Amino acid sequence: MREVVLPSGKFASMRSVLALDILLSFTKDFPNVGLMERTVTIEGEHLTYEQYLAMDAVEFMPILGMVAEATKGLSLKGIV
């Protein structure tokens with residue numbers, strides 16, 4: 001599990017990413033945000049895809065960084 005403290009002081013947590021999370025997140029226009037919707041909680045609550053898109057950038061970027069860190073070793077190379 002990954003955690004980050006947002007500029008607002010709220011805690012964001014991300015659980016381990018499952019294959020299903022990746023596959024379902026690619027049905028969204030912004031797959032990283034789809035992955036946030038499935039794996040991240042803020043103060044224990046899940047946000048919707050639309051809530052993440054409407055989030056202030058200062059709050060959003062640390063979460064995006066956490067998702068990027070969690071997925072940096074994943075690759076589609078050799079799959080398609």
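These legends describe close-up views of a predicted model.

Local features need pLDDT of at least 70 and side-chain atom pairs count only at pLDDT 80 or more, while totals for chains, interfaces and linings use all residues. Residues are numbered from 1 along each chain as its sequence is written, and side-chain values use heavy atoms, with hydrogens and water left out.

**View 1. Confidence across the model.** The protein averages a pLDDT of 92. This score is the predictor's confidence in each residue, from 0 to 100. At least 70 is reached by 92% of the residues. Helix H1 has the lowest confidence, at a mean of 92, and strand E3 the highest, at 98. Helices (H or I, at least four residues) and strands (E, at least two) are DSSP runs, numbered from the N terminus.

**View 2. The open sheet of 4 strands.** The strand order is E1-E2-E3-E4, and the pairing is antiparallel. E1 (2-5) and E4 (45-46) are the edge strands; each has a single partner strand, so one side of each is left without a neighbour in the sheet. Two strands pair if DSSP finds at least two bridges between them. Strands of a sheet pair through backbone hydrogen bonds, either parallel or antiparallel.

**View 3. The hairpin of E1 and E2.** E2 covers residues 11-14 and is joined to E1 by 4 bridges, the two strands running antiparallel. The hairpin has 5 residues between its strands. Gly9, in the turn, has a positive phi of about 95 degrees. Val5 has Phe11 as its bridge partner in E2. Arg2 stands opposite Met14 of E2.

**View 4. E2 beside E3, with Ile42.** E2 and E3 run antiparallel and are joined by 3 bridges. Ala12 stands opposite Ile42 in E3. Contact means heavy atoms within 4.5 Å. Leaving aside neighbours within four places in sequence, Ile42 is in contact with Leu6, Lys10, Phe11, Ala12, Leu47, Tyr52, Met55 and Ile63.

**View 5. Helix H2 over the sheet.** H2 (residues 31-39) lies across E2, E3 (40-42) and E4. Its direction is at about 65 degrees to E3. Axes are lines fitted to C-alpha atoms, for helices over the stretch in contact, and angles run from 0 to 180 degrees between N-to-C directions. The buried residues of H2 are Val33, Gly34, Leu35, Met36 and Thr39. Buried means under 20% relative accessible area, exposed over 50%, and partly exposed in between (1.4 Å probe, protein chains only). The buried residues of H2 pack against E2, H1, E3, helix H3 (49-53) and helix H4 (57-71).

**View 6. The largest nonpolar core.** This core has 16 residues. Those with the most contacts inside it are Ala12, Met36, Val40, Ile42, Tyr52, Met55 and Ile63. E2, H2, E3, H3 and H4 are the elements that give two or more residues to this core. H4 supplies the largest share, 4 residues. A nonpolar core is a set of buried Ala, Val, Leu, Ile, Met, Phe, Trp, Tyr and Cys residues joined through side-chain atoms within 4.5 Å. In soluble globular proteins, nonpolar side chains tend to be buried together.

**View 7. Asp21 and two arginines.** Asp21 is in H1 (residues 19-25). Asp21 counts as buried because its relative accessibility is 0%. Its side chain makes a polar contact of 2.8 Å with the side chain of Arg15. A polar contact of 2.9 Å joins the side chains of Asp21 and Arg38. A polar contact is a pair of N or O atoms within 3.5 Å; within protein, one must be able to donate a hydrogen and the other to accept it, and residues adjacent in sequence count only if both atoms are side-chain atoms. Not counting residues up to four places away in sequence, Asp21 touches Arg15, Ser16, Leu35, Arg38 and Thr39.

View 8. Lys28 is partly exposed at 30% relative accessibility. Phe30 is partly exposed, with a relative accessible area of 49%. Lys28 and Tyr49 are 21 residues apart in sequence and 8.9 Å apart in space, C-alpha to C-alpha. For Phe30 and Tyr49, the separation is 19 residues in sequence and 9.2 Å in space, C-alpha to C-alpha. Neighbours within four places in sequence aside, Lys28 is in contact with Gly34, Glu37 and Tyr49.
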